[in-house]
Amino acid sequence: MLKNFFEPKSVVVLGASATPGKVGYDVLKNLIKSNYRGEIFPVNPKASEIQGLRAYPSILDINEDIDLLIYIIPPQFILKTLDDCKKKNIDSIIAISAGFKETGSAGAKIEREMLIKAKEMNIRILGPNCLGLIDTSSRFNATFAPGMPPEGNIAFFSQSGALCIAILDWALGEGIGFSKFISLGNKSDLGEIDFLKYLADDESTKVILGYLEGIEDGRAFMRVAREVSKKKPVIITKSGGTSAGAKAASSHTGSLAGSEKSIKAAFHQAGIIRADTVNDLFNYALAFACQPIPKGSRIAILSNSGGPGIMAADAIEQYKLNLASFSRETQEQLRSSLPTIASIYNPVDIIGDADADRYHKSLELIINDPNVDGVLVILTPTAVIDVQGAAEKVANLSSENGKPVLASFMGKVSVEKGIKVLQRKKVPNYNYPESAIKVFRIMSDYQNWLNAPDASYQTFKVRQKKVGTIFAKARKNNLLKLGEQEAREIISCYGFKVPKSILALTSREAILAAEQIGYPLVMKIVSPDILHKTDVGGVKVDIENAHQVEDAFFEITSKSRQYLTSATILGVSIQEMVAGGKEVILGVSKDPQFGPLIMFGLGGIYVEVLKDVSFRIAPLSVKDADEMIREIHSFPLLKGVRGEQPTDLAALKEYLLRLSQLVTDFPDIVELDINPLIVKAEGEGAFAADARITLEEG
Ligand SMILES: Nc1ncnc2c1ncn2[C@@H]1O[C@H](COP(=O)(O)OP(=O)(O)O)[C@@H](O)[C@H]1O
Ligand SMILES: [Mg+2]
């Protein structure tokens, strides 16, 4: 569908120029210079010939069919241009010109009108305010960037034009090949989702890279990315993670959530490889573009020096990979072919006097060992080594084998020529062994993603209608923040067990209720104006007799009054006390782009301090729920330490899935905390001792 953008048979350059230094000059020059095979029609009313090509006064003066228009004239002509495009049957525009929404309200207005009109006319637009686009296989360079990258299998889309230029320059210097290069600009019409879809089926692209500043439709993005990432690696750097959402939060979850957490969760759930820095982006890209993906996580290290080998081994541990242990046969062969003081165990140290042949011989043995999934070859430039020779041998072996080989030729001047050989032969080289090991981690994660079965979802029989009625009633009463009383009713409709609870209006009623509930018990203030009950002295646990009930009743009500004289106090709830068990928190905070973000962590009053929580976007798959529970640092506490009984993880998982169902059914829940959910020992279930829910306004 976007074929005309990448392989147009003919293209109009609206605003082509004969004056060097102008964008219209550079774009035309790039088109001509790149040996583009299609036809180029410069349009400029002031010239009859530009850069050796016949120029036309207007689009309508061209009698041929046109696939694509490159727009390089000021914004105010865009609507007229759309009309002309319609007349000429042009359905694709690359709008390079700036001066649209990035400049303020006047520009934004033109951009809006442009988009509406283009949609009506079925015309697709890249940009505006972008650098343009390059397709190396069709030799099509519609940018004003200096230089064209070599042909290769990496596609790159970027929201920053400046970054595009920097990366092009880097690619030229390093000889890195690209298939497509797309500058998204303002993403008025076409954006990351469109290009992900296109690149997924693009045969010349093996790896998709992206640099994004914002993602507008997070849910659609996840849906598409999840499919594309099963076909080829999608590596994205996302900048500008602000926590605007967290500022206004009134719940524990809200204060711990935020867009950064959503993006992390969304990328993970969609199989997107996240690169934290542009440096990582290219470190990862090179490996995926040039080498096979490791089948497992057992890594071997081959080095001519001890220190770097050990550093790499440490990194293997840090990144939770495995240091491969060689078969007896490999060990014996290494022993007989290496000097006695060499280390034949992983990391293999072929010592300082190693020559290219020794690299060759040992790598051959290691890479063929069935216990090895990938090899890192480290070289420090000793006086004896022929670096280029070693590079040749390493590279030749790497291409023969289905296992990835990464290199870390350390240093600069002495290894430069060797690195060039590696580059040419598609063995990625990293300045430091740790970077290479990190790449192995990323590749191995991706292999796991490819191996993972399709996500399975579980839903439960719930009382959705009833909840709808409660919400409607709350809305009618202008009650958007629901406290424990309403919230526990709602979550019980979704299958949560809650402690028995009776509302008492007087101390006398409290004592009667206590007899029904049984001791020990908990007493809590019930007031729509008090959401954080402990903060005002509104909760008493471990009440053991009628006398204490009476005292607690007065203490709780008077303290709550003191805290807020105007508070409406509905009474005190007398609640069954859940004994034993671990307090966890389940929460939801709605992200503007990605929807409900679910949080899990150890609960109680220290959640915000410990921040030991995990996040996923709803709906949760069964695997998501499992991962969330296991991801927190304190997970061993839930499994039980020092003879403790393990907690009921099955119940916990089920509750996460039930919560996911609730917020999926009711997207107008903007915040929700179940804190604490008290999880008892295995087989004994869990109880939601407190909950609160905030509904969206409007
Ligand atoms: N039914 C209960 N059984 C056992 N402990 C409880 C119960 N209800 C509350 N607690 C304890 O009291 C703490 C505060 O109560 P909670 O209802 O969460 O009030 P809030 O969060 O509004 O301060 C909980 O974190 C928990 O430790
Ligand atoms: Mg609480």
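Trainee: What makes the largest pocket count as a pocket, and what volume does it have?

Mentor: On a 1 Å grid over the protein atoms alone, a pocket is an open set of points with protein on both sides within 12 Å along at least five of seven lines, whereas a cavity is a set where a 1.4 Å probe fits but cannot get out. The largest pocket has a volume of about 1,600 Å³; that is the space filled by probe spheres set on the points, which are joined across faces, edges and corners. This is a predicted model, in which local features need pLDDT of at least 70 and side-chain atom pairs count only at pLDDT 80 or more, while totals for chains, interfaces and linings use all residues. Residues are numbered from 1 along each chain as its sequence is written, chains are lettered from A and ligands numbered from 1 in the order in which they are written, and side-chain values use heavy atoms, with hydrogens and water left out.

Trainee: How many residues line the largest pocket, and which lie nearest its centre?

Mentor: The lining has 42 residues, and K264, H268, D445, R616 and E631 lie nearest the centre. A residue belongs to a lining if it has an atom within 4 Å of a point. Two or more lining residues come from each of α7 (218-231), α10 (259-270), β14 (273-274), α17 (433-451), β27 (613-617) and α23 (622-631). Helices (H or I, at least four residues) and strands (E, at least two) are DSSP runs, numbered from the N terminus.

Trainee: How do the residues of that lining divide into nonpolar, polar and charged?

Mentor: There are 16 nonpolar, seven polar and 19 charged residues in the lining of the largest pocket. Ala, Val, Leu, Ile, Met, Phe, Trp, Tyr, Cys and Pro count as nonpolar, Asp, Glu, Lys and Arg as charged, and the others, Gly among them, as polar.

Trainee: What is the space in the second largest pocket, and which element gives the most to its lining?

Mentor: The second largest pocket holds about 900 Å³. Its lining has 36 residues, with W170, E174, L286, Q423 and N429 closest to the centre. Helix α11 gives the most, seven residues. In this lining, 18 residues are nonpolar, 11 polar and seven charged.

Trainee: Why is Y446 called buried?

Mentor: Buried means under 20% relative accessible area, exposed over 50%, and partly exposed in between (1.4 Å probe, protein chains only). Y446 has 3% relative accessibility, so it counts as buried. Y446 is in helix α17, and beyond four places in sequence its contacts are S229, K230, K231, K232, P233, I273, F288 and I293. Contact means heavy atoms within 4.5 Å.

Trainee: What makes E111 count as buried?

Mentor: Its relative accessibility is 3%, and E111 is therefore buried. E111 sits in helix α4 (residues 105-121). Leaving aside neighbours within four places, E111 is in contact with F100, K101, P128, N186 and S188.

Trainee: What is the phi of R139, and is R139 buried, exposed or partly exposed?

Mentor: R139 has a phi near 55°, which is positive in a residue other than glycine. Its relative accessible area is 27%, so R139 is partly exposed. R642, not a glycine either, has a positive phi of about 50°. At 87% relative accessibility, R642 is exposed.

Trainee: How do you know that the buried residues of α21 line one face of the helix?

Mentor: The buried residues of α21 are V549, A552, F553, I556, T557 and S560. Down the axis they fall within an arc of 120°, so they line one face; the arc is that of the directions from the helix axis to the C-beta atoms. On the other side, H547 and Q562 are exposed. Elements covering the buried residues include β21 (501-504), α20 (507-517), β22 (521-526), β23 (539-543) and β24 (571-576).
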